[in-house]
Amino acid sequence: MVENMSRRGFDPLTYRFVEEAPEFGHVTRIAEGVYWIRMPLPGRLNHINVWLLEDKDGWTIVDTGIFTDDVQKHWKTIFANFLNGKPVTRVIATHLHTDHTGNAGWICREWGCDLWMSRADFYMCKTMANDGPSDVPDDAIRFYRRTGFTEERLDRYRQRFGHFGASISPLPAGYQRINDNQYIDIGGREWRAVIGHGHAPEHVCLYCPELKLIIAGDQILPKITPNVSVQPSEPNANPLREWINSCSRFREALPPNLLVLPAHESLYEGIHERLTELIDWHEVALEKLYEMCGEPVRAVDVFPALFKSKITEGSYFPATGEALAHLHCALERRMLTVEEDESGVAWWRQA
Ligand SMILES: [Zn+2]
Ligand SMILES: [Zn+2]
C-alpha cells in the first residue's frame, strides 16, 4: 500500500463515525447487525478495519487482521465479550493480502466454520503461503533486474522471498467460493458480492442494498490509492487497465448514497466521487509518466511521476510494481515503447 493520493483543498467525501472508531478489542455498532472492529497493523497505516455481521444462528467475520499474538489476543477479547453466546459461523476474506487473511485459518479452526473467498484469491494466497525462503525463482530475479534493480536490491528480494507464509495462519484445505454478483444471506438480509480487479486478482466487496452500505475492503479506500502492481507471477499483466475498468463498473453498478466501510481509514459517503477520483488520479499519473519518458527511462526511474514522497526502503517493492503497472498500461495504449538492453534492463520511451 503506497500512499500517493494528494488532495489539494477540497475533499468531496463526508466522513462518518469519526468519533466512534473502536479501541482495539472493542466494537462499534454501525447499523442493525453490522459492527466495526479495528485490529493493529504495523507501519504508518497502524490499523485494519474488520467487520462482525450478525447472522440468525451465529456471526460472520469479514477480514481478520495479520497473524500476530497481539491481534489474536484482541480476537479472543471480542469472542469473549461481544458474541452474545452465538458462535462464529463464517469467515469472509475480501482478498488475499495478509492483513485480511492472516487469522482466517485460525478462526475457522477455532470455530469449525468455513472460509469464504473468491477463487483466484484463495488459490493465489495458498500458493504464496507455500513459497519457502530457499525457492527464489530465476525468472523472478530476471523480472526485477529488468526494472533496474541493483544487485544489492536483488539480494534484498532474495532475503524477503517466502515471508508471506510466515505472516498468515495456514488456510483450510477447502473454501466456499464467492462469485461476482452472488447473493449471500446474512442475518436474513441480502448481501451482494461485487468483485473488483487490479489490487488483488478478485477482490470481494459486499453490498447490502437494504442497509445502504458496502464493505469495500481495499478496493475503495477514502484517502490512499491501493497498490496496483505487476508481480513476477504474471510479468506482462496490465492490472491498471483492470483497476480503472473496475472503478468504472462499480460506479455504474452501485448507487451513490452508500455508506462505505473501507478496510483502512474512516467510514465515508461519496462512493461515486471517490471512484471518479481514483480513475482521474491514475489518468493524471499516466500523463506525467508519458512526460518523463521523453528520454529512455527504467521502471525504477519513474517513481516521481507517481509518488509525491520519496520512496523508502519498505515501499520500494510495491512502488516498483506500481510503476510497472502504469508502464504496461501506457504501453498497451501505445503511448510508450520498450526495449531491453544487453544486460536485460528494460528502457521505456515515448512512442
Ligand atoms: Zn490489499
Ligand atoms: Zn489491506
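Modeller: Start with a hairpin: β13 and β14 form one, with 4 residues between them. In that turn, E265 has a positive phi of about 70°. Keep in mind that this is a predicted model.

Colleague: What makes β13 and β14 a pair?

Modeller: Two strands pair if at least two bridges are found between them. β13 and strand β14 (residues 267-269) have 2 bridges, in the antiparallel sense, so they meet the definition of a pair. The bridge partner of L259 is E269 in β14.

Colleague: Which strand does β12 run parallel to?

Modeller: Strand β12 (residues 213-217) runs parallel to strand β13 (residues 259-262), and 4 bridges join them. Within this pairing, I215 stands opposite L261 in β13. Helix α7 (residues 239-253) belongs here too: β12, α7 and β13 make a β-α-β unit.

Colleague: Why is that unit called right-handed?

Modeller: The test looks along the strands as they point away from the viewer; a path from the first strand over the helix to the second that runs clockwise is right-handed. The unit of β12, α7 and β13 is right-handed, so its path over the helix runs clockwise in that view.

Colleague: Why is strand β11 described as largely enclosed?

Modeller: A residue is buried if 20 or more other C-beta atoms lie within 10 Å of its own. In strand β11 (residues 203-208), 6 of the 6 residues are buried, so the strand is largely enclosed by the rest of the structure.

Colleague: How do you know that both faces of β11 are covered?

Modeller: In a regular strand the side chains alternate between the two faces of the sheet. H203, C205 and Y207 are on one side of β11, V204, L206 and C208 on the other, and all are buried.

Colleague: Which strands does β11 pair with?

Modeller: β11 runs antiparallel to β10, joined by 5 bridges, and antiparallel to β12, joined by 3 bridges. The bridge partner of G196 is H203 in β11, while C208 stands opposite L213 in β12. The hairpin of β10 and β11 has 6 residues between the strands, and G198 takes a positive phi near 110° there. The hairpin of β11 and β12 has 4 residues between the strands, with K212 at a positive phi near 55°.

Colleague: Why does E190 count as exposed?

Modeller: E190 has 12, so it counts as exposed. E190 is found in strand β10 (residues 189-196). E190 touches Y183, D185 and P209, leaving aside residues up to four places away in sequence.

Colleague: What makes helix α6 "hardly covered"?

Modeller: Helix α6 (residues 151-160) has 10 residues, and the count of buried ones among them is 0. G162 follows α6, with a positive phi near 90°.

Colleague: Which residues have the most contacts inside the largest nonpolar core?

Modeller: They are W51, V91, L115, L206, I214 and V260, in a core of 89 residues. Its largest share, 7 residues, comes from helix α10 (residues 316-332). Among the residues that I214 touches are L206, L258 and V260. In soluble globular proteins, nonpolar side chains tend to be buried together.

Colleague: How do you know that the chain as a whole agrees with a compact globule?

Modeller: For 351 residues, a compact globule would have a radius of gyration near 20 Å; the protein chain has 20 Å, so the two agree. Buried residues make up 42% of the chain. The chain comes to 10 helices and 16 strands.

Key: Residues are numbered from 1 along each chain as its sequence is written. Chains are lettered from A and ligands numbered from 1 in the order in which they are written. This is a predicted model: local features need pLDDT of at least 70, side-chain atom pairs count only at pLDDT 80 or more; totals for chains, interfaces and linings use all residues. The radius of gyration is taken over C-alpha atoms; the globule rule is 2.2 Å times the number of residues to the power 0.38. A nonpolar core is a set of buried Ala, Val, Leu, Ile, Met, Phe, Trp, Tyr and Cys residues joined through C-beta atoms within 7 Å. Two residues are in contact if their C-beta atoms, placed from the backbone, lie within 7 Å.
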